[in-house]
Amino acid sequence: AEINKQVWSFVGLVYLGLSFLWLIYGQANSLLQQAFIIVGLSGYVWRLIKAWRACLQANLEWYYLILYLCTLEILPLLILSKLAWHYFGVNELQIIR
């Protein structure tokens, strides 16, 4: 748990630094947006890897991990993306381009 707190604190400090850069260099908008997304996704992937390792160390069956990922990680992301597409008017073709 302590390592997880350290990782999220580090991600928060990186976000703070990126926010300051965004304030100073406003013209690098797309580059900084990509940096925010990369940092957020890497923190999310790190959390998934830590959960997977914890399940393996606790000798849990693999289907418990699949059940956990589908119900608590993947399904909320799908629901939020569907709501975002609906409310913000983004369709699938605009994302692919």
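Helix α2 has 29 residues, which at 1.5 Å a residue should span 42 Å; the end C-alpha atoms are 42 Å apart, so the two values agree. The expected span here is 1.5 Å times one less than the number of residues in the helix. Helices (H or I, at least four residues) and strands (E, at least two) are DSSP runs, numbered from the N terminus.

This is a predicted model, in which local features need pLDDT of at least 70 and side-chain atom pairs count only at pLDDT 80 or more, while totals for chains, interfaces and linings use all residues. Residues are numbered from 1 along each chain as its sequence is written, and side-chain values use heavy atoms, with hydrogens and water left out.

**Overall make-up**

The protein chain holds four helices and zero strands. Along the sequence the pattern reads α-α-α-α. The chain has 97 residues, and 9% of them count as buried. Buried means under 20% relative accessible area, exposed over 50%, and partly exposed in between (1.4 Å probe, protein chains only). The accessible surface is about 8,100 Å², and carbon and sulfur atoms own 71% of that. These areas come from the Shrake-Rupley method with a 1.4 Å probe; for residues, only the protein chains shown count as cover. Among contacts with a separation of 6 or more, 42% join residues 24 or more positions apart. A contact means heavy atoms within 4.5 Å.

**Confidence**

Mean pLDDT for the protein chain is 78, and 87% of residues reach 70 or more. pLDDT is the predictor's confidence in each residue, from 0 to 100. Helix α2 (residues 29-57) has the highest confidence, at a mean of 83. Helix α4 (residues 92-96) has the lowest, at 52. Where pLDDT is low, the predicted coordinates should not be read in detail.

The largest nonpolar core has five residues: Val7, Val11, Leu18, Leu32 and Val39. Helix α1 gives the most, with three residues. A nonpolar core is a set of buried Ala, Val, Leu, Ile, Met, Phe, Trp, Tyr and Cys residues joined through side-chain atoms within 4.5 Å.

Leu18 touches Leu32, Ala35, Phe36 and Val39, leaving aside residues up to four places away in sequence. Ala35 sits in helix α2 and is partly exposed, at 22% relative accessibility. Its C-alpha atom lies 9.8 Å from that of Val14, 21 residues away along the chain. In α2, the buried residues include Leu32, Val39, Gly43 and Cys55.

Phe10 also belongs to helix α1. Phe10 is exposed, at 55% relative accessibility. Phe10 and Gly43 are 33 residues apart in sequence, yet their C-alpha atoms are 9.6 Å apart in space.

**Aromatic pairs**

The structure holds three aromatic pairs. Rings of Phe, Tyr and Trp (its six-membered ring) pair if their centres lie within 6.5 Å; planes under 30 degrees apart count as stacked, over 60 as edge-to-face and the rest as tilted. Two of the pairs are set out below.

| Ring pair | Centre distance | Plane angle | Class |
|---|---|---|---|
| Tyr15 and Phe36 | 5.2 Å | 15° | stacked |
| Trp22 and Phe36 | 5.3 Å | 50° | tilted |

Tyr15 lies in helix α1 and Phe36 in helix α2, so their pair ties together parts 21 residues apart in sequence. The pair of Trp22, in helix α1, with Phe36, in helix α2, links parts of the chain 14 residues apart. Tyr15 is partly exposed, with a relative accessible area of 26%. Trp22 is partly exposed too, at 29%. Ring pairs join Tyr15, Trp22 and Phe36 into a cluster.

**After α2**

Which residue with a positive phi follows α2? That residue is Asn59, with phi near 60°. Asn59 has this positive phi although it is not a glycine. Most residues other than glycine have a negative phi. Asn59 is found in the loop between α2 and α3 (62-88). Asn59 is exposed, with a relative accessible area of 67%.
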